[in-house]
Amino acid sequence: MPGPLSPAELQEILAFTIKLARKAGALILEGSHAIQRTGQSGVGEKKNAVDLVTEYDVKVEELVRDEIARAYPHFQFIGEESYSSGTRPPLTDAPTFCVDPIDGTTNFVHGFPYACISLGLIDQREPVLGVIYNPFLEQLYTGVRGGGSYLHSRAHPEPQRLPLAPAAARPLPGLAGALVAVEWGSDRAQGPIRRKADSFARLAGAPPHGVMAHALRSVGSAALNFALVAQGALDMYWEIGCWPWDVCAGIVIAQEAGGFVTGSKDTPHDGVVTEAILTGRRYLVIRGVAGTPEESSLDVQKRIAREFYDTVEDIPLDE
């Protein structure tokens, strides 16, 4: 498929990707049951004792990669586990699936039901399609550039457009009163942990040293954090240190729900997700908000992004 993918092609790929996500979800559930029966004998470590990988991370990625190769042999593929093992193709203009086979592996290992498969598609170096499926809760989030984002769940037979009402009309004056998702991450060295703890204290603490957000939440999955912001259940999510496969699908789903996605403090906060932001490993996403007579929705989101980065510390990336 030369050139940018057409809307019709994206819809065809979406249907394929939804089926693939559900097939992979069945394998994720199989793996969870096996781990709960046998303990953590099949659990390994990557960088350290909190950066976990299981045989099912690898099995799910192999399933996904093989299915994509059969259906779309000319598409490129970037997966977390193959990347970790040394397969690191450069990003090009070609359609490229960007996949985290199990996002939230620690949750998966512990039986905490917030783990998912994240299937993103990049075209012309920009995220254009995303599917996130949590098989434990049977919640599937989808998004296509220009086509909106939706939640498919067992509670509702018809897909629900995101954000869910009344979130679509809910204002967000600023950080004070916001529900903010954060994560500790896998880098547990004293410097990064201290900076994160200090940043969390500023977000949650009372003035004059803090902004007194309503609460901080750690779901344990970057993809699901993005999806929950798109849904309107979270007001925003800040992450440092995750990778494109963690966020690619979620970026599309959040943006199509009116969300604002940006990168590091020094990034132009204009809501445009460039290749530099996608691969920059620093992400801030703010849900869709209602504008006011004085500020458009986008201006509110830009202001909150600046306020956020004025509050937290810059944290160096581990490699």
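Ala, Val, Leu, Ile, Met, Phe, Trp, Tyr, Cys and Pro count as nonpolar; Asp, Glu, Lys and Arg count as charged; the others, Gly among them, count as polar. The exercises below use these classes on a predicted model.

**Exercise 1. The second largest pocket**

Describe the lining of the second largest pocket by residue and by class.

Solution. 
- Start with the space. The second largest pocket holds about 190 Å³.
- Count the lining. It has 13 residues. Nearest the centre lie Ile78, Tyr83, Pro244, Trp245 and Thr279.
- Find the elements. H7 and helix H8 (275–278) are those that give two or more residues to the lining.
- Sort by class. The lining has 10 nonpolar, 1 polar and 2 charged residues.

**Exercise 2. H6 against H7**

Decide how helix H6 is oriented to helix H7, and name the residues that meet.

Solution. 
- Locate the helices. H6 spans residues 222–231, and H7 spans residues 244–256.
- Take the geometry. The two pack at an angle of about 5 degrees, with axes 8 Å apart.
- Apply the cut-off. Angles under 35 degrees count as roughly parallel, so H6 is roughly parallel to H7.
- List the contacts. H6 brings Ala222, Ala223, Phe226 and Ala230. H7 brings Asp246, Val247, Gly250, Ile251, Ile253 and Ala254.
- Sort by class. The contact has 8 nonpolar, 1 polar and 1 charged residues.

**Exercise 3. Cover over H6**

How many residues of H6 are buried, and what follows just after the helix?

Solution. 
- Count. In H6, 10 of 10 residues are buried, and the helix is mostly covered.
- Asn225 and Gln231 are among the buried residues.
- Step past the end. Just after H6, Gly232 takes a positive phi of about 100 degrees.

**Exercise 4. Cys248**

Solution. 
- Cys248 sits in helix H7.
- Apply the cut-off. Buried means under 20% relative accessible area. Cys248 has 0% relative accessibility, so it counts as buried.
- List partners beyond four places in sequence. They are Cys98, Gly120, Leu121, Ile122, Pro127 and Leu278.
- Compare sequence with space. Cys248 and Thr279 are 31 residues apart in sequence, yet 9.4 Å apart C-alpha to C-alpha.

**Exercise 5. Glu67**

Classify Glu67 as buried or exposed, and find its contacts.

Solution. 
- Glu67 lies in helix H2, residues 55–71.
- Use the area. Its relative accessible area is 16%, so Glu67 is buried.
- List contacts, leaving out residues up to four places away. Glu67 touches Phe16, Leu20 and Lys23.

Terms used
Residues are numbered from 1 along each chain as its sequence is written. This is a predicted model: local features need pLDDT of at least 70, side-chain atom pairs count only at pLDDT 80 or more; totals for chains, interfaces and linings use all residues. Side-chain values use heavy atoms; hydrogens and water are left out. Axes are lines fitted to C-alpha atoms, for helices over the stretch in contact, and angles run from 0 to 180 degrees between N-to-C directions. Helices (H or I, at least four residues) and strands (E, at least two) are DSSP runs, numbered from the N terminus. Angles under 35 degrees count as roughly parallel, over 145 as roughly antiparallel, 65 to 115 as roughly perpendicular and the rest as oblique. Contact means heavy atoms within 4.5 Å. Buried means under 20% relative accessible area, exposed over 50%, partly exposed in between (1.4 Å probe, protein chains only). On a 1 Å grid over the protein atoms alone, a cavity is a set of points where a 1.4 Å probe fits but cannot get out, and a pocket is an open set with protein on both sides within 12 Å along at least five of seven lines; lining residues have an atom within 4 Å of a point. Grid points are joined across faces, edges and corners, and a volume is the space filled by probe spheres set on the points.
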